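Let's read through a model together, one feature at a time.

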Amino acid sequence: MEIKISRSARSCAACAREFVHEEPLHSAIRIQDLAFVREDFCDACWTAERANGTFSAWKARFFDPRVAEQEPPEVFSPLRQAFYEAAESEDREQMAKAYLAAMLLRRQKVFRLIKESDAPDGEARVALFADRIGDRLIEVRDPNLTAGEMQAGRRLLMERLNQLENPESTDSPVSAESHGDVELQEA
Ligand SMILES: [Zn+2]
């Protein structure tokens with residue numbers, strides 16, 4: 001499995017004007033050399049024709065990290081933190097953890113599914129998610145994880161969530177109920 005994360009551009013792909021925090025924008029994904037290429041446009045520059053020939057296009061909002069640093073920490077959930085920590089790991093159990101976290105974030109509507117289809121290289125299924133808070137684009141390839149890896153990933157996720165939510169007592173077991181349904185069978 002492979003998870004790639006890309007942020008929106010800082011300025012419009014057409015007029016080059018810099019975006020401001022929370023500004024609505026239009027994002028589009030093109031396929032170029034078997035890879036996804038993302039472009040972001042301001043509302044004034046976006047026309048329906050720009051979506052022609054793209055892999056996917058959707059509305060987003062610009063998230064300026066310079067402003068975001070001042071946002072209260074509660075906008076960042078433990079589940080999101082657990083996902084981003086594990087997302088770029090090469091370890092398969094960490095990948096399973098990230099995969100499960102992504103599915104839960106999708107259920108909680110923190111991640112919005114942009115598109116699910118075959119990858120440009122035709123060799124794997126790929127799901128594109130937009131993180132509603134950070135406007136990051138997340139590309140998740142078909143994980144092909146074994147049942148054992150999924151189980152280990154689930155245990156790691158529960159342990160990490162427990163640590164993040166109860167920083168004082170890291171050794172008490174966490175209940176599955178507090179995070180909703182984590183018995184995910186999707187793969
Ligand atoms: Zn523009």
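A: Welcome! This is a predicted model, where local features need pLDDT of at least 70, side-chain atom pairs count only at pLDDT 80 or more, and totals for chains, interfaces and linings use all residues. Residues are numbered from 1 along each chain as its sequence is written, and side-chain values use heavy atoms, with hydrogens and water left out.

Q: Which residues are the protein donors of the zinc ion?
A: Donors are N, O and S atoms within 2.8 Å of the metal (3.2 Å for Na, K and Ca). Here they are the SG atoms of Cys12, Cys15, Cys42 and Cys45, 2.3 to 2.4 Å from the zinc ion. Their spacing along the chain is C-x2-C-x26-C-x2-C. Cysteine 15, in the loop between β1 (3-7) and β2 (24-32), and cysteine 45, in the loop between β3 (35-42) and β4 (56-61), are 30 residues apart; strands are DSSP runs of E, at least two residues, and helices runs of H or I, at least four, numbered from the N terminus.

Q: What arrangement do the 4 donor atoms make?
A: Ideal angles are 109.5 degrees for four tetrahedral donors. Four donors count as tetrahedral if all angles lie between 85 and 135 degrees. Around this zinc ion the angles are 101 to 116 degrees, so the arrangement is tetrahedral.

Q: Is cysteine 45 buried or exposed?
A: Buried means under 20% relative accessible area, exposed over 50%, and partly exposed in between (1.4 Å probe, protein chains only). Cysteine 45 has 17%, so it is buried, while cysteine 15, at 39%, is partly exposed.

Q: Where does lysine 109 lie?
A: Lysine 109 sits in the loop between α3 (92-107) and β5 (111-118). Its phi is near 65 degrees, a positive value in a residue other than glycine, and at 58% relative accessibility lysine 109 is exposed.

How values were computed. Tetrahedral: all angles 85-135°; square planar, octahedral: opposite > 155°, others 65-115°.
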